[in-house]
Amino acid sequence: MRRENGVEIDEFDADELRQLEPSLSRDYVRGVLVRENGHTSNPLKLVERLLEHFLRSGGEVVRARAHGFRFDGRGLTAIQTDTGDLAADAAIVCAGAYSKPLAASLGDRVPLETERGYHLMIADPEVMPRIPTADADGKFVATPMATGLRFAGTVELAGLAAPPDWRRAHILLAQGRKMLPGLAASHPEERISVWMGHRPSLPDSLPVLGPSRASPDVVYAFGHGHVGMTAAPMTGKLVADLVTGRPPSIDIAPFAPGRFG
Ligand SMILES: Cc1cc2nc3c(=O)[nH]c(=O)nc-3n(C[C@H](O)[C@H](O)[C@H](O)COP(=O)(O)OP(=O)(O)OC[C@H]3O[C@@H](n4cnc5c(N)ncnc54)[C@H](O)[C@@H]3O)c2cc1C
């Protein structure tokens with residue numbers, strides 16, 4: 001399917017795989033390299049740099065929890081928040097897995113769910129793959145990060161409120177040690193860190209992009225599931241088009257908020 005869609009891939013047998021990535025276990029007998037794949041070695045820094053750019057361009061950050069919208073006869077007048085109303089003539093709902101009640105307040109019922117996922121980091125690892133390396137069976141990825149080695153993946157369907165189940169993060173460590181036998185059999189606690197995040201997901205794996213039922217002044221941009229970072233630049237462009245009234249550069253009908261009826 002990748003080839004059919006113009007993605008260049010190279011396939012490797014066990015010997016080639018070992019030459020490409022000597023840290024991998026010899027249990028792996030086949031590999032696929034996606035040469036054009038990119039990754040960020042520090043997502044926090046990436047977001048901080050984007051924020052700096054936004055502020056330099058005249059943007060302002062207000063920390064508040066949005067819970068609704070006010071309209072008059074002509075359109076949007078304010079976003080309702082826990083710190084009072086914020087005057088606005090346009091708004092974007094991009095609250096990730098938390099977007100559902102905001103969309104409902106605008107008359108859109110979207111079957112948004114959280115696909116919770118975990119990561120486990122080892123600081124100063126004994127070995128690291130040179131590039132992000134996925135185990136297709138285990139459904140996890142080992143990624144060399146600026147701050148260490150990150151094992152990430154898995155899907156847990158447990159809603160927004162349940163506390164993290166850290167056993168799931170530690171399973172990644174057990175699998176990662178099998179993938180990279182050069183890692184120590186145990187690590188001191190201070191070198192291990194864990195994280196749980198919410199992937200905002202829809203049943204058809206497509207995001208929700210487009211104007212709300214209540215008003216074109218409020219635009220949706222959520223539901224990017226497993227690829228929210230990858231898809232963000234394109235979504236950003238489309239949302240800018242929608243808010244400024246330009247025709248979007250691609251057909252956004254497949255992402256329509258009303259597609260679930
Ligand atoms: C383990 C794991 C690995 C992943 N790996 C990748 C990957 O390799 N590549 C990739 O592209 N994607 C990956 N993702 C998916 C990616 O993280 C998400 O798709 C992305 O973060 C979604 O971005 P978002 O801005 O829509 O939502 P979020 O990042 O969840 O941001 C939503 C923001 O809205 C705020 N908010 C919520 N409610 C309100 C409210 N009522 N009022 C105001 N603000 C509110 C929240 O505080 C938050 O800041 C991964 C996810 C996980 C969990």
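Predicted model: local features only at pLDDT ≥ 70, side-chain atom pairs only at ≥ 80, totals over all residues.
Student: What is the phi of D124, and is the residue buried or exposed?
Tutor: Most residues other than glycine have a negative phi. D124 is not a glycine, yet its phi is positive, at about 45°. With buried meaning under 20% relative accessible area, exposed over 50% and partly exposed in between (1.4 Å probe, protein chains only), the 63% relative accessibility of D124 makes this residue exposed.

Student: How many aromatic pairs does the structure hold?
Tutor: Rings of Phe, Tyr and Trp (for Trp, the six-membered ring) pair if their centres lie within 6.5 Å, and planes under 30 degrees apart count as stacked, over 60 as edge-to-face and the rest as tilted. By this criterion the number of aromatic pairs in the structure is three.

Student: What is the geometry of the pair of Y118 and W166, and how many residues apart in sequence are the parts that it ties together?
Tutor: The rings of Y118 and W166 are edge-to-face, with 5.8 Å from centre to centre and 85° between the planes. Y118 belongs to strand β7, whereas W166 is in the loop between β10 (148-156) and α4 (167-179), so the pair ties together parts whose separation in sequence is 48 residues.

Student: Which of the three classes, buried, partly exposed or exposed, applies to Y118 and to W166?
Tutor: Y118 has 1% relative accessibility and therefore counts as buried. For W166 the relative accessibility is 34%, so the class of W166 is partly exposed.

Student: Which strands does the pair of F140 and F151 link?
Tutor: F140 and F151 are edge-to-face, at 6.2 Å centre to centre with 65° between the planes. Both of these residues are buried. They are eleven residues apart, and the strands that hold them are β9 (residues 140-145) for F140 and, for F151, β10.

Student: Where is D108, and which residues are in contact with D108 once its neighbours within four places in sequence are left aside?
Tutor: D108 occupies the loop between α3 (100-104) and β7, and its relative accessibility of 4% makes it buried. Contact here means heavy atoms within 4.5 Å. Leaving aside neighbours within four places in sequence, the residues in contact with D108 are A103, S212, R213, Y220 and P257.

Student: What percentage of the contacts in the chain with a separation of 6 or more comes from residues 24 or more positions apart?
Tutor: The chain has five helices and 13 strands, and buried residues make up 36% of its 261 residues. Its C-alpha trace spans about 70 × 45 × 40 Å along the principal axes. Among contacts with a separation of 6 or more, the share from residues 24 or more positions apart is 61%.

Notes:
Residues numbered from 1 in each chain as written. Heavy atoms only, no water. Helix = DSSP H or I, 4+ residues; strand = E, 2+ residues; numbered from the N terminus.
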